[in-house]
Amino acid sequence: MADSSILVCGGCGFIGSNFVRVLAEQRPQARITVADALSYAGYTDNLGDLLDNRRVVFFLRNIAEYEGMREVFHNSYDLVINFAAETHVDRSLYNTSSFVRANVVGVDVLLALCREFNVPFLQISTDEVYGPAGEKDCFTEEAQLKPSSPYAASKAAADLLVQSAIRTFGQDVAIVRTTNNYGPRQFPEKLIPYFIHLLQQGQPLPVYGDGLQKRCWLHVEDFCSALLKLIADFPSREIFNIGATSEYTNLEVIESLIRLTGGRSPVNHVADRPAHDRRYWIDSSKFIARYGALTQRDLRSGLESTVKWYLDNPRIFERLGGNEAQSFEQSHYHHQ
Ligand code: DAU
């Protein structure tokens, strides 16, 4: 593992870039290649100076394009990890096909190439594939997949493709499903960075429905550290949940953001997201039994450092000014 060659797909996005940073820091001998389409949510800046100082080799590639990705596979790798995805639930309400292309076709291409070049493959998935959890539910890796949104359905479809590659080809693949990640460099369309931005601007906070939906928040660096443990002992043909146990309602998170930013924006309850999952709850005991405790900073300290990071790096909010981000924000929030 120490001097492995790892291809990180989607390494310029939120979780992907945090993973590359943690990997580069904690595995100085590892050889890291990033392939990223640099869509509206991917930025080479997220990698800091890792590209300039040639610590990371970069390919501008879309995982859904077989020929282009095939060229990348001519370098040899010990592992391919896929973070590349369309991830924003609200966007998936408007443009389902871009989700199918990135999240389903893209994973199909990566699976085919990993078979062709005989490389193990790790797919990063989400707790949303299980659908909403009731107060007594606790989804293990065996639970049925019942996705609610087009986003979640496309991730579930990818998971099924990976599982079929195990059964059909005996392929050396694994899946990790995680809960809501937060931390530095998240595209500011997601709840935490978007609301920090609105609070700075003094604009109203659009809370969907009653705001009592619950999410389990995992700091992205804690998730990435867990992934490092997992790839050091690659769990071929297995699925692992890696989820936070710190569960908060959206209103609780928003109250903390108001307090930490000192912002004075009004809370504005708007129409709920269609098919909005009230709660997720996944059981990570399989991961803990095999890899040890899951380090989780508590949300209080995690949010404090996260808010500080966004306040210290206000340029990230300029990304909301891009054409694609602007037209989404305009049509989604201003025509409710
Ligand atoms: O659970 C894992 C998932 O977490 C990932 O698979 C997704 O890629 C990721 O986007 C995230 O999904 P959520 O829908 O939970 O994240 P989001 O930040 O969009 O919303 C968090 C909660 O806040 C959710 O209940 C919806 C609510 N919300 C969000 C926005 C952007 C609002 O009330 N108003 C908003 O404007």
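## The shell around the ligand

The residues that form the shell around the ligand comprise eight nonpolar, eight polar and six charged ones. The model described here is a predicted one. Among the 22 residues around the ligand, those that come nearest are Asp127, Tyr151, Arg273, His276 and Tyr333.

Two elements give two or more residues to this shell, namely helix H6, which spans 191-201, and strand E8, which spans 205-208. The largest share belongs to E8, with three residues.

## Polar contacts and burial of the ligand

Asn250 has a polar side-chain atom 2.9 Å from an oxygen atom of the ligand. In the side chain of Glu128, an N or O atom is found 3.0 Å from a ligand oxygen.

The protein buries 95% of the 690 Å² that the ligand exposes when taken alone.

## Helix H6

Helix H6 contributes to the ligand shell and is itself mostly covered, with eight of its 11 residues buried. The buried residues are Ile192, Pro193, Tyr194, Phe195, Ile196, His197, Leu198 and Leu199.

Directly after H6, Gly202 adopts a positive phi of about 70 degrees.

## The nonpolar cores

The largest nonpolar core contains 47 residues. Within this core, the residues with the most contacts are Phe19, Ile81, Leu122, Leu227, Ile231 and Ile242. Helix H7, residues 220-232, gives the most to the core, contributing eight residues.

Apart from neighbours within four places in sequence, Leu122 is in contact with Leu79, Val80, Ile81 and Asn82, with Ala174, Ile175 and Val176, and with Leu227, Leu230, Ile231 and Phe234. Of these partners, Ile81, Leu227 and Ile231 are also listed among the residues with the most contacts inside the core.

Another core, of 27 residues, lies apart from the largest one and includes Trp217, Val253, Leu303 and Trp309.

Terms used
Residues are numbered from 1 along each chain as its sequence is written. This is a predicted model: local features need pLDDT of at least 70, side-chain atom pairs count only at pLDDT 80 or more; totals for chains, interfaces and linings use all residues. Side-chain values use heavy atoms; hydrogens and water are left out. A residue is near a molecule or strand if one of its heavy atoms lies within 4 Å of it. A polar contact is a pair of N or O atoms within 3.5 Å; within protein, one must be able to donate a hydrogen and the other to accept it, and residues adjacent in sequence count only if both atoms are side-chain atoms. Accessible areas come from the Shrake-Rupley method with a 1.4 Å probe; for residues, only the protein chains shown count as cover. Helices (H or I, at least four residues) and strands (E, at least two) are DSSP runs, numbered from the N terminus. Ala, Val, Leu, Ile, Met, Phe, Trp, Tyr, Cys and Pro count as nonpolar, Asp, Glu, Lys and Arg as charged, and the others, Gly among them, as polar. A nonpolar core is a set of buried Ala, Val, Leu, Ile, Met, Phe, Trp, Tyr and Cys residues joined through side-chain atoms within 4.5 Å. Buried means under 20% relative accessible area, exposed over 50%, partly exposed in between (1.4 Å probe, protein chains only). Contact means heavy atoms within 4.5 Å.
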